[in-house]
Amino acid sequence: MIELPDLTSVKSALRAQRIETPSWAFANSGTRFKVFPQKGVPRTAEEKIADAATVHHFTGVAPSVALHIPWDRVDDFRALRAYAEDLGVTIGAINTNVFQDEDYKLGSVTNPDPAIRRKATDHLLEAISIMDVTGSRDLKLWFSDGLNYPGQDDLRDRQDRLAAALREAYDRLGEDQRMLLEYKFFEPAFYATDVPDWGTSYAHCVELGEKATVCIDTGHHAPGTNIEFIVAFLLRAGKLGAFDFNSRFYADDDLMAGAADPFQLFRIMNEIVRGGALDPAYGINFMLDQCHNIEAKIPAIIRSVMNVQEATAKALLVDRDALRAAQQAGDVLGANAALMDAYNTDVRPILAEVREDAGLDPDPVAAYHRSGYQQKIEAERADGQQAGWGA
C-alpha cells in the first residue's frame, strides 16, 4: 500500500488542471455507419457552448470549448465569444474541416488539383481569421488526405504540397497563436496517409518553427503502440502541443477517455507529470475528442473529465524519489512497484475533497442528474434542426 505524501501540492495541481471539451461531442455524433439522435442535443453553436459551460459548472476544470468549422460557423464570432464569456467559459482551439466536401475525394491540401488545394488552404486561413476574433490560441489541423492504391499519386509530391499549405497557414499565425498538427495512421486512406504518424507530424513542425506542435489523439495508433514513449519524446523535444483524449479498443473508436485502458491513460499522465508539463503555463492543451453515439452526451463528457482527473491524481502520487532510486539501482521490480502502488491507489476521496474545497459537489455526474438540466434542454430543444456532422 502506498504511503500518501503531503497532499497539499497534489491538490494544488489538480485544482489548476484544465481540460478542454469539444463542441461536436455535445451534438449528434457517432460512427460512419449510423448516428443515433438523442433528445436535447444542441441545435446551434450557442447551445453547444451552453452545454460545455454546464460541464465546467459541475467539474470546475473545463473552462474552454473547442469549435469545429464549418460545424460551428456563425455570422458573428465576436458575439459568440461574448456569449461564451458570459457563461464563464472561453472559446478554445479552432478545428478545421477539409474532409467532408465532395472536392476532397482525392485530398485537400495534397490534392493534385491546384484549385482544390487553394480552396483547402483558404479554409485554414479562414480558421485563423476566426481565431483572431475569438481569442483562440490554437489552430487544430487534421487531414484525411491519402491514397488507397499504389501509384494513385506521387507520395513525395503530396508531402511537398502539404508542406506548402502548412507554411502558408503558419506564416499567417499571430504572435500568440500556434498550430497543432494531428496525425492518424489510416482511415479513410488505407494504402498511405499523408500525415500517418507522430514522426511525420513532428518533422513538419520542426521545419515550420516553434509555433508548430504535435497533437496526439490517443485513438490514432496501431494496437500495441507505446503512446507514453511518444509523449516523452515530444516533451523532450519541446514539440508536444495538445492531446485529443479518447479511448479505443480496435481503431479510432472515440470512446470516453480512460474507458478502454485506464492504465494507459495513467502512463501518459505519468510522463506529463514527470516532464513538468501539467501546469497550464507549460502550454499543453488537454482536449477531449469523442463521439458519443449511444451514451448521454453531457454525463459522458463529465465522466471523461473525471477519468482524466483520476489518472492525473494517480500520476501525482508516484513516489519520484523511490522510483528514481529503484531505477538507478537496477531494481526492476521495485521500480515497477513504485508506479503500480500509485496506480492502485483509490484517488476518488482526494478528488472529492478538491471539489468540495472549490464549492463543487464531490460527485459531478450525480449532481448533474439532480440539477434538472437534462430535462430542461430536452423540453427547450424539442423543435428545430439538431446539430450533427451529417452521417
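Reply: What follows goes through the helix contact, then the cavity, then the pockets.

This is a predicted model, in which local features need pLDDT of at least 70, side-chain atom pairs count only at pLDDT 80 or more, and totals for chains, interfaces and linings use all residues. Residues are numbered from 1 along each chain as its sequence is written, and side-chain values use heavy atoms, with hydrogens and water left out.

Two packed helices are described by the angle between their axes and the distance between the axes. Here the helices are α9 (residues 297-316) and α13 (residues 364-371), whose axes come within 9 Å and cross at roughly 160°. That makes α9 roughly antiparallel to α13 (angles over 145 degrees count as such). Axes are lines fitted to C-alpha atoms, for helices over the stretch in contact, and angles run from 0 to 180 degrees between N-to-C directions. Helices are DSSP runs (H or I, at least four residues) and strands are too (E, at least two), numbered from the N terminus.

From α9, the residues in the contact are Ile 298, Pro 299, Ile 302, Arg 303 and Met 306, and they meet Pro 364, Val 365, Tyr 368 and His 369 of α13. Contact means heavy atoms within 4.5 Å. By class, this contact has 7 nonpolar residues, 1 polar and 1 charged. Ala, Val, Leu, Ile, Met, Phe, Trp, Tyr, Cys and Pro count as nonpolar, Asp, Glu, Lys and Arg as charged, and the others, Gly among them, as polar.

Ile 298 also lines the largest cavity, together with residues including Lys 297, Phe 26, Asp 51, Gln 374 and Ile 377. On a 1 Å grid over the protein atoms alone, a cavity is a set of points where a 1.4 Å probe fits but cannot get out, and a pocket is an open set with protein on both sides within 12 Å along at least five of seven lines; lining residues have an atom within 4 Å of a point. The structure holds 1 cavity of 30 Å³ or more, and the volume of the largest cavity is about 50 Å³. A volume is the space filled by probe spheres set on the points, which are joined across faces, edges and corners. Both α9 and α14 (373-380) supply at least two residues each to the lining of the largest cavity, which has 4 nonpolar, 3 polar and 3 charged residues.

As for open space, the largest pocket has a volume of about 1,100 Å³.

How values were computed:
Parallel < 35°, antiparallel > 145°, perpendicular 65-115°, else oblique.
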